Amino acid sequence: FDVGPVRPEQTEDLALPISLAVDVDADGLIWCPETMPDWGNAPCHRLLCDGPTCLGMLKAAVSVHFDGQRMQFPLDVFTSVGNIRQHLAVVLEKDLGSLGLFGPGKRHRSDATGLQAGQHLEVGFLDFLVVRVLLPDTSSTQVEGVAVEVDGETCGKTNASGECRVTLRVGEHSLQLLHACFGSCGRKVPVNVVKGATNTLVVLGDLRLWVYACRGVSKLAPVLLMLATEPVSHDGPPVAGRIWGTGLTGEVSVAFDTCTEFVLSRGRDAEESGTRCSLASIHMEASLENYAWKPSDAQALGDEECSAYSRLRKCPAVLGSLDPVLCVRFGSEEEWLRAADFGSASALAARMSEVARVPLERIELHQTGTKLGKDAVVEWGVPVDVMELALLRVRVVTSCCCSPLEGAHVVIKEQKHHVHPSGSTDHIAVAPGRVEVRLVHVATFLSETIIVSPGANEHTFAAATQFLVYITDPEVDEEEESVAFDPSFVWLGADPGHVPDDALVAHGQVCCRNFGVEDVAVALEASEMAPVVFNLGAEPSTWDNRPCMLTSLRLTCHRRGFVWSPKKPSPLEERAEAIGGCEFLRILACPVSLGFLKRVDGVSTGDMPSTPNTPMKGASGSSHMYALMQREPEILHKPCSLPEDDPHAHMAAKPDTGLELPEHAQPHLPGRRSQSSTSGTDASGAGPEWQNKHEASDHAETQLEV
């Protein structure tokens with residue numbers, strides 16, 4: 001600066017110190033004068049001519065406003081908010097804790113907050129505000145984790161006690177509380193902080209819950225219905241249902257399908273009414289196709305020792321489950337059973353046996369029209385039809401006298417059932433309706449479709465009498481060349497196992513009287529061994545205890561070169577008169593011989609040529625016949641003879657003696673030997689055999705046609 005022209009009389013005045021003040025209009029700067037140098041008595045302008053002298057500085061500063069006044073603090077001295085607060089507490093003589101520096105957002109700065117040049121702060125008085133968040137339930141549950149925003153700035157979160165302590169400038173503020181219990185938008189609350197007062201704000205949150213469904217990994221795992229305090233991602237099935245509970249003014253009900261919000265009580269309403277509600281009043285029901293709803297324990301949300309909401313915050317609660325079920329249909333009724341408990345058909349059948357009070361063996365399960373075996377896996381989601389089986393007892397009797405036929409088997413649906421000696425099977429469980437029944441026996445076979453009614457049923461099979469008629473020739477000694485003159489036996493049997501391998505087919509006719517007193521005749525014309533079947537018509541309901549109708553059976557048999565000689569009386573009739581009973585059962589046990597085929601010439605079987613009829617001559621009627629009776633009396637008159645090893649020897653009855661000859665015509669045959677080694681003994685004890693081979697060969701010359 002220039003001090004102007006210097007006059008001689010002013011030389012001493014120029015040596016005085018110079019004061020300098022600078023008004024700075026630039027924001028963020030402050031004038032800081034330096035201490036003037038000690039120039040002594042020397043003129044200052046001379047000293048200034050030696051070099052410039054620093055009179056002060058313009059420093060970067062922060063502006064602080066208080067009570068309408070502006071104060072500036074250089075940043076090289078005041079580096080933080082805490083430095084300024086300490087300075088102000090001394091200058092203003094105030095408690096350090098009651099002073100605060102605030103920015104434009106009304107949020108006081110912490111002591112560690114840094115400063116910037118040109119920054120404007122405002123001095124205000126501070127006080128504490130305690131924000132407490134509770135729920136309107138009976139336990140007044142403290143809500144942890146509520147974010148507290150004051151005037152748009154986050155101040156903290158509530159602790160486990162549901163409290164958040166914030167330091168605010170004295171005056172009015174706007175609080176924003178953010179938490180799931182306040183919904184997605186949170187809740188705004190105005191507050192006025194009073195200096196020196198106990199500033200506490202109690203806010204009631206909403207009893208806001210979320211219900212959702214989740215499914216396990218297993219196919220048969222139940223679908224769980226969960227209740228949580230926060231929304232969750234939904235990956236469960238679309239379950240339909242309803243959740244309800246008692247709120248502040250009555251019942252609150254919400255329908256749900258996926259993850260659904262359920263507000264039992266709102267905090268604003270609870271603050272106004274002062275009432276509380278309980279989570280124990282919450283109930284739920286749900287439905288899903290092929291699932292059955294099962295609510296959980298009623299105490300799941302009703303434990304008074306611990307807040308239900310606190311438990312829900314730690315872990316969602318299961319309010320119920322939808323279990324995969326089997327729809328079991330029993331007649332017109334339906335029952336739903338948990339599928340996981342009945343993996344096999346046997347377990348399900350046992351359960352239905354208990355429910356229906358029906359024996360297990362009478363329970364039959366069907367699925368999609370197919371019968372389920374004991375070890376079959378029950379398919380979940382498909383209805384199961386339970387059928388109560390009827391009881392069927394099959395009785396098998398003979399058609400000749402209604403005697404029980406033992407040894408037979410009854411086959412129903414490929415299952416064999418034994419016929420007991422009493423002639424009946426055990427009770428057989430079958431489905432009501434048309435049932436095919438097959439009777440299997442060594443001597444008979446029968447298949448019939450019957451109608452089975454519900455309950456107990458009994459059906460009687462009158463088995464047709466089935467016989468085999470066959471011939472056994474006498475044994476021939478291979479070392480001898482003579483022809484065997486023993487008669488051939490004609491047998492009546494029922495068991496094919498009794499027929500010898502070398503038996504011959506018999507031809508002729510079998511006649512027997514049926515139950516209606518009618519003669520039934522069957523011709524024996526088959527070229528191979530075939531059974532003769534008689535259905536004599538006897539039934540237990542009409543049987544009048546008459547003798548076995550097989551006693552009337554008569555057999556006529558013919559064979560080339562032989563003459564038929566039946567036994568008289570018939571062995572069947574004799575046994576029936578002596579001991580009674582069923583002749584078919586006796587024949588089934590052992591064949592019986594009804595007569596003989598006696599050779600009428602000395603040729604072997606099938607070798608005798610046919611000859612024309614010859615008139616009878618002489619007193620005896622025919623010289624040839626008389627000569628034959630003289631030379632072959634054994635052929636026509638000898639008793640029945642069987643070898644010892646023949647299986648039918650013990651059954652041989654006394655044969656018919658054939659033609660009766662006068663005493664003078666009885667032949668005398670020398671040279672006859674005993675047949676102790678090759679012949680058996682029949683009922684009369686006789687069994688001779690021809691010895692003279694030459695004599696046997698003479699018989700070939702005799703020709704006789706019968």
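A contact here means heavy atoms within 4.5 Å. Among contacts in this protein between residues at least 6 apart in sequence, 63% join residues at least 24 apart.

Before going on, the ground rules. What you see is a predicted model, in which local features need pLDDT of at least 70 and side-chain atom pairs count only at pLDDT 80 or more, while totals for chains, interfaces and linings use all residues. Residues are numbered from 1 along each chain as its sequence is written, and side-chain values use heavy atoms, with hydrogens and water left out.

Now the overall picture. The protein has 10 helices and 39 strands. Both are DSSP runs numbered from the N terminus: helices are H or I with at least four residues, strands are E with at least two. Of the 706 residues, 43% are buried. Buried means under 20% relative accessible area, exposed means over 50%, and partly exposed lies in between, with a 1.4 Å probe and protein chains only. The accessible surface comes to about 37500 Å², and carbon and sulfur atoms account for 50% of that. Those areas come from the Shrake-Rupley method with a 1.4 Å probe; for residues, only the protein chains shown count as cover.

Next, some sheet pairing. Two strands pair if DSSP finds at least two bridges between them. Take the open sheet of 4 strands, in the order β7-β6-β9-β10, with antiparallel pairing. β7 (153–157) and β10 (187–193) are the edge strands with a single partner each, so one side of each has no neighbour in the sheet. From one strand to the next the twist averages 30°, where axes are lines fitted to C-alpha atoms, for helices over the stretch in contact, and angles run from 0 to 180 degrees between N-to-C directions. Inside that sheet, 4 bridges join β6 (147–150) to β9 (171–178), and Glu 149 stands opposite Gln 176 in β9.

Elsewhere, β23 (384–388) runs parallel to β19 (317–330), joined by 3 bridges. Arg 329 faces Asp 385 of β23. β23 also pairs with β21 (363–367), here antiparallel and through 5 bridges. Glu 364 has Met 387 in β23 as its bridge partner.

On to helices. Which residues of α6 are buried? In this helix, residues 571–579, they are Pro 571, Leu 572 and Ala 576. Seen down the helix axis, they fall within an arc of 130°, so they line one face of α6; the arc is that of the directions from the helix axis to the C-beta atoms. Glu 577 and Ala 578, on the other side, are exposed. The cover over the buried residues includes β32 (488–493), α7 (583–589) and β39 (592–599). After α6 comes Gly 580, with a positive phi near 70°.

Ser 353 sits in helix α5 (345–356). Ser 353 is buried, at 14% relative accessible area. Leaving aside residues up to four places away in sequence, Ser 353 touches Val 358, Pro 359, Leu 360 and Ile 363.

Last, the cysteines. How many disulfides does a search of the whole structure find? The count is 0, taking a disulfide as a pair of cysteine sulfur atoms within 2.5 Å. For Cys 511, the nearest cysteine sulfur is that of Cys 512, 7.3 Å away. Cys 511 is partly exposed, with a relative accessible area of 22%. Cys 214 is partly exposed too, at 23%.
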